[in-house]
Amino acid sequence: MNGFPILSLMLLVPLVAAVACLVVPREQARSVALVATLIDFVLGVILWAQFDIGGAQWQFTESAALFAGFSWKLGIDGIALLLIALTVFLMPVCIGASWTSIDKRQGEYYAAFLLMETLMIGVFAAQDIFLFYIMFEAGLIPMYLIIGVWGGVDRIYASYKFFLYTLLGSVLMLIAMFWMVNEAGTTDIPTLMAYNFPAQAQTWLWLAFFASFAVKMPMWPVHTWLPDAHVQAPTGGSVILAGVLLKMGGYGFIRFSLPMFPEASAQFAPLVFFMSMAAVVITSLIALVQTDMKKLIAYSSVAHMAIVTVGLFAFNQQGLEGSMLIMLSHGLVAGALFLSVGVIYDRLHTREIARYGGLSINMPYYAVFFLLFTMASIGLPGTSGFVGEFLSLLGIYQISSWVALICTTGIILGAAYMLYLYRRVAYGEQKNADAAAMPDLDKREWAMMVPLAAVVLWMGVYPESFIAPMRKDIAALDARLAQAKPKGDAQPTAGKPMAIAHEAAHGEAH
Amino acid sequence: MDFARSLALTAPEILLSVSGLVLLMVAGWGGDKASRLISIAAVAVLTACAFLTAPTLWGQAMGAEVSAFGGQHRADTFAAFAKLLIYASAGVTLIIAQPFFDKARAMRAEFPLLVLFASLGMGMMVSAGDLLALYIGLELNSLASYVLASSLRTDERSAESGLKYFVLGSLASGILLFGMSLTYGFTGTTSFAGINAALAGGLPTGATFGLIFMLAGLAFKISAAPFHMWTPDVYEGAPTPVTTFFATASKVAALGLLMRVAFEAFGGQAQAWQQVVIFMALLSIVIGALGAIGQNNIKRLMAYSSINNVGFILIGLATATRAGASAMLVYIAIYVAMSVAGFVAVLLLRDENGEQVEAISDLAGLSKTRPWIALAMASVMFSLAGIPPLFGFWGKFVVFQAAVQADMIVLAAIGIAASVIGAFYYLKVVKVMYFDEPADVVKGAGETSHTVLLVLSTLAISPLGYLGTKCVGTLANYAAAALFPVG
């Protein structure tokens, strides 16, 4: 595939389809969207198959000096590959989730989704810092429209909050980028990743980038846009928001904050730990008392993302790999959970937990899938959630036992609120007649659930498939961070083996 | 003194004056019935002028060899860049004005003539190398503009807008003239180069006052805060094609003039005006953003938006560098495209009686009833807000990049953070068009010429515009080089 611009093609297919969706009759827009996302999925599979694991760090690179000030420069490493794969995998599911539930202005809806896909792939594939920024920011427009036009009751408030929050975070990052480009004299991300900025400047640059990524992530206390946006967005919007958009913050940390400002990252690690610990405990407790299913899952997302951030700032390979795996796993599982909510929302048009109950009686297959995703969200061994959380916490334990301890409570609380949710929805008596009359999954829903469930199990049972592509890149990042690595609080010293005494005792026994 | 060469260098101006006078005769004998013919002829004249001007820009002509009439007039790359924008804007104005006034049964033969004379004045403003040429150009433009603002004679708002513009504009001209006379008094010369040389040793207090008064007068002309008060009223009251003219050509000319004065006449004393410009820039951004929030008239909103955008352009001026000047020109070019798209979209909004729809609340649900106009309008709004991937982002990009390169990071950070306030009201328009239930007010059909212009300008501000960044950037660099011969 050398020289074939597959990344540009992956960007072009949804873009062309987005325009097509606006002009074709509205009943056909969804078919156009599905075909386009499936083509992109196939391209994604080809991309993964052609990706040379252990080969050059940046593959599929293409470059064209089309613009003044920055260039069209694409290329991926293992980290970007996995996130692109996640994107193209989730997109057809999102289209499927919207298949019947979107009944107004379909053309614009699918156009917005396809545009989102282009921009998300663009974010992960961009190798030019300003190209990255443009893709990163441009996502605001379609997401604003998706929430505002097709959302629920408070959609307008949620859409404003989403837009202005994330915009404010991002503009400061742009100023920091100008400074960096001015200082380093290049807009090329790989070059910038290896550039050593003065430690003094790193502090400011890190904070500017943090302002953007923390909001996108989202970290406590700037997470408040997320529950609003999630709850008000249509199912497809929630899936893509939780599945991919939240990963942009984590990707930003991996691609920019950590390698470009290692010293500042080490300096601010305690701040990140504090915010993450607060997020894990606080948002998990908030999730416990939610009566709205989507809000509950939204808060659980914040808690999971907090474990991602501690893992990232653990400055070691386990932490980084774990964080990446949580991001992938969360993308699948949170997406699947929103989908599960969407399935019953389509039937009863309410997200109130109390309106359901005993669904395992009339919807047994649904209950099985929902249980699987619930367990994956908790992090049950054998599901995708376990691997990432285990590695992340292992990584952070090397730096700070306390942070590891407090973050682990998140797993326990996670089990509490997820199991409580599941009990109220799927078990117990069927106290609502209309909920008891809901039919089980139809073919379309099966088609969406099965691939998600399969990948969740695959990642839980054989995570090597997902770790292998990024291992070398994570190792490179780890090496880059070594210069600034903070000391752990536990300093185990090798014990003195008591070989002689043991031998003596052994001899005497005979 | 090579008189013939001077005449050759001022060929676009001479062509404009002569054809303006000839068309005046046509108007005198033909009356209002000839207005269509005159409009077409005027567009042809503007096109010819553009062709006369373009080689200057491509040929990178600057310095002494393009200085005419003893330095009064400069036909350099900077003037050429600004003039191309002015001629294009004037052409657009004439094209959109014809159907507009036809519908209102108010098309008069002098309208295209006034546009021509205003363009002539603007051309002289941006080419000025001397305070006298500056003032003549400015007044020629202003007088024509005052009449244009009130050209819808049966409409009270139009008359009011013309009167307001005239009273406040004369005041500003007076302030400017006072500043110019102080400057002349303390430097002993009216030529920009002479002033710069005279001030090389330092800025006497009197000249400082002169500078401040000139800045105040020019700030009025570009509608920068705190001299912006006339803008919303004039923009709202003037007929929409005239508003388009003010938002595009007048803005280009006044900003071009300000750049000439700041960089050429007072270029050696940049630190004396930088603080003032920074103050005006930040104030314009904030006032433009906050003032717009409560507006329900789309034209008033565009007026506040123009104040807001002038603030961003002034950030480029505040850097006092060549990169900053180039960034300003890029921003201005993009701003012209955004304004044209915005106002042409407004022109296409008509209710069933063919009346203009200007209330934002009447745009409710436009995306359902008129999806393409709504899409164009939304592109304009996001573009004005500077959200990528729309092209308006590029203007902010180059301006803030220049500010960071000039080591004005705090200014850049504050300015860009304040731009988020502006995003709020642009979003409001999109919200009304896309999220609200249709008010079903917009019904009328648009003109073909309007639609074509809307499509073209929307394409220019769409992400496709980025493909033009190299071209625009190079030309803007040529133009900025004329202001900074050594830099």
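Hi everyone, let's begin with chain A: residues 126-411 carry the UniProt annotation "domain: NADH:quinone oxidoreductase/Mrp antiporter transmembrane", from an unreviewed entry. UniProt positions are in the numbering used here, feature names are shortened, and annotations may be inferred rather than shown by experiment. Please keep in mind that this is a predicted model, where local features need pLDDT of at least 70, side-chain atom pairs count only at pLDDT 80 or more, and totals for chains, interfaces and linings use all residues. Residues are numbered from 1 along each chain as its sequence is written, while chains are lettered from A and ligands numbered from 1 in the order in which they are written.

Across residues 126-411, chain A is 81% helix and 0% strand, with the end C-alpha atoms 34 Å apart. Helices here are DSSP runs of H or I with at least four residues, strands are runs of E with at least two, and both are numbered from the N terminus. In chain B, UniProt lists residues 128-422 for that domain, again in an unreviewed entry. That stretch of chain B is 77% helix and 0% strand.

Now the whole of chain A. It has 22 helices and two strands, and its C-alpha trace spans about 80 × 70 × 40 Å along the principal axes. A compact globule of 510 residues would have a radius of gyration near 24 Å, and chain A agrees with 23 Å. That radius is taken over C-alpha atoms, and the globule rule is 2.2 Å times the number of residues to the power 0.38. Of the 510 residues in chain A, 59% are buried. Buried means that 20 or more other C-beta atoms lie within 10 Å of a residue's own; 12 or fewer makes it exposed, anything in between partly exposed, and C-beta atoms are placed from the backbone.

How many residues of chain A are in contact with chain B? There are 25, and they meet 26 residues of chain B. Contact means that the C-beta atoms of two residues, placed from the backbone, lie within 7 Å. On chain A's side, helix H5 (129-138), helix H6 (140-150) and helix H7 (155-184) each supply at least two residues. H7(A) gives the largest share, 13 residues. By class, that side has 21 nonpolar, three polar and one charged residues. Nonpolar covers Ala, Val, Leu, Ile, Met, Phe, Trp, Tyr, Cys and Pro; charged covers Asp, Glu, Lys and Arg; the others, Gly among them, are polar.

Next, some loops. In chain A, a cis peptide bond joins A:Met217 and A:Pro218, with omega about -10°. A:Pro218 sits in the loop between helix H9 (199-216) and helix H10 (225-232) of chain A. In chain B, a cis peptide bond joins B:Ala225 and B:Pro226, with omega about 0°. B:Pro226 is in the loop between helix H9 (205-221) and helix H10 (230-237) of chain B. B:Ser223 lies in the loop between H9 and H10 of chain B, and its phi is near 55°, a positive value in a residue other than glycine.

Is B:Ser223 buried or exposed? It counts as buried, because it has 27 C-beta neighbours inside 10 Å.

Back in chain A, A:Phe315 has a positive phi near 60°. This residue is in the loop between helix H13 (293-312) and helix H14 (317-348) of chain A, and it is buried, with 24 other C-beta atoms within 10 Å.
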